[in-house]
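Good morning, colleagues. Please look at the structure on the screen while I take you through its helix packing, its aromatic pairs and a few individual residues.

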Amino acid sequence: MADNTNTSLQFVRRELVAAQKPPSQEIGLLAWARKNLFGSIFDSVLTILALLTLLWILPGLIDWLFIDAIWRGTDRTFCATVAQGGIQPDGWSGACWAFVADKFQLYMFGSYPVDERWRPMLVFVIFAATLAPLLMPRVPYKVPNAIAALVVMPVISFFLLHGGVFGLSVVETSLWGGLLVTLIISYVGIVVSLPVGILLALGRRSEMGIIRMLCVAFIELIRGVPLITVLFLASFMLPLFLPPGTSIDKFLRAVIGVSMFASAYMAEVIRGGLQAIPKGQFEGADSLGLSYWQKMGLIVMPQAIKLVIPGIVNTFIGMFKDTSLVSIISMYDLLGIVRSSFADANWVSAVTPLTGLIFAGFVFWLFCFSMSRYSNFIERHLDTGHKR
């Protein structure tokens, strides 16, 4: 009997179709602008208004900052004239970068002795050499590198800066200033606040009543007062509780005050990450027979920290900017030393204060923007595929 079943021919490719380029309208600068700047009528109006505002502001700003700026000079008279010669009706010139150049080393090191400034320069080099590999995910040996950056480097830096060993002359902390002070206080605050904040967050969630009460009291007390109050207490009230004749260096008091303040805020950031971890993660760790510290160190805390990376970096950025408040207790950080330089009669002019403040603001922005971009990089590196 004949088989009347219909058969169809099928063709199977033996090689994959070559990848094709995406449509031209979906890639490139024009595609990005269409998506992000002109995605809707409202977006287009805002973009056009922003461009018109920039076109109105930028030409004059560029002229003042660069074209009409004074780059060389030895005193205030150079900053009272424009680059083309003559004096403007209001006596203003462009930015007086000659003033910043003349005070640059003061802004970096404060009153640190000139002959000994190789020591803070060496500290900056050691700081970069130990911190850079730690921040690069692909560089191996993270544990010894972390010990070098977080323990060994601060100790070596202290002895280099303060002296008194290996034939180095003693340089009192009262002579430290400028960017040197800003970086030291912020770095120590970052190194101290993260582990202390983690311990405080765990203590606040602890089932032991005394531990929980102490942690809650510390966090709420510190978070309930401004940093200026903490610095005043650390600088003026702390010595009253010490035995007679006992003294703590003013710089050390400022470091302790900033570290305590940052630790309280860091504890709440970490606690938010812990509360975001599903209950099943805790139960799964318990089912494996892990101890409390194993559960927290290996299962819970890595996930919690990953979730709150933006909050952690935000705390670091805020602390870095808040270091300018130490000038209240006569510790001259970058902003404090810039402001104190305005009193130099040799450079008094209408533009030198604004130029100095712009320089200080740019330095603060540069460090804060770098921390923000690194935070974004770490978030992308640790992303496990969840769409943000």
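Helix α5, residues 118-135, packs against helix α7, residues 179-204, at an angle of about 40° and with the axes 12 Å apart. Helices here are DSSP runs of H or I of at least four residues, strands are E runs of at least two, and both are numbered from the N terminus. Axes are lines fitted to C-alpha atoms, for helices over the stretch in contact, and angles run from 0 to 180 degrees between N-to-C directions. The crossing of α5 and α7 is left-handed, that is, the near helix is turned anticlockwise from the far one by less than a right angle.

Which residues of α5 meet α7? They are Pro 120, Phe 124, Phe 127 and Leu 131, and their partners in α7 are Leu 180, Leu 183 and Tyr 187. Contact means heavy atoms within 4.5 Å. By class, this contact of α5 with α7 has 7 nonpolar residues, no polar and no charged ones; Ala, Val, Leu, Ile, Met, Phe, Trp, Tyr, Cys and Pro count as nonpolar, Asp, Glu, Lys and Arg as charged, and the others, Gly among them, as polar.

A word on the basis of these values. This is a predicted model, in which local features need pLDDT of at least 70 and side-chain atom pairs count only at pLDDT 80 or more, while totals for chains, interfaces and linings use all residues. Residues are numbered from 1 along each chain as its sequence is written, and side-chain values use heavy atoms, with hydrogens and water left out.

I turn to the annotation. An unreviewed UniProt entry annotates transmembrane regions, including residues 118-135 and 214-239; such annotations may be inferred rather than shown by experiment. In the model, residues 118-135 are 100% helix, with end C-alpha atoms 26 Å apart. Residues 214-239 are 81% helix and 0% strand, and their end C-alpha atoms are 23 Å apart.

Ser 235 lies in helix α9, residues 227-237. Is Ser 235 buried or exposed? Ser 235 is buried, at a relative accessible area of 4%; buried means under 20%, exposed over 50%, and partly exposed in between, with a 1.4 Å probe and protein chains only. Leaving aside neighbours within four places in sequence, Ser 235 is in contact with Lys 250, Arg 253 and Ile 329.

Next, the aromatic rings. The whole structure holds 17 aromatic pairs, where rings of Phe, Tyr and Trp (its six-membered ring) pair if their centres lie within 6.5 Å, and planes under 30 degrees apart count as stacked, over 60 as edge-to-face and the rest as tilted. One of them is stacked: Phe 109 and Phe 124, at 6.2 Å centre to centre and 25° between the planes. This pair links helix α4 (residues 104-109) to helix α5 across 15 residues. Phe 109 is buried at 5% relative accessibility, whereas Phe 124 is partly exposed at 24%.

Trp 365 and Phe 369 have ring centres 5.0 Å apart and planes at 15°, so this pair is stacked. Both lie in helix α15, residues 352-382, 4 residues apart, about one turn of the helix.

Finally, the backbone. Most residues other than glycine have a negative phi. Tyr 141, however, has a positive phi of about 60° and lies in the loop between α5 and α6. Phe 166 likewise has a positive phi, of about 55°, and sits in the loop between α6 and α7.
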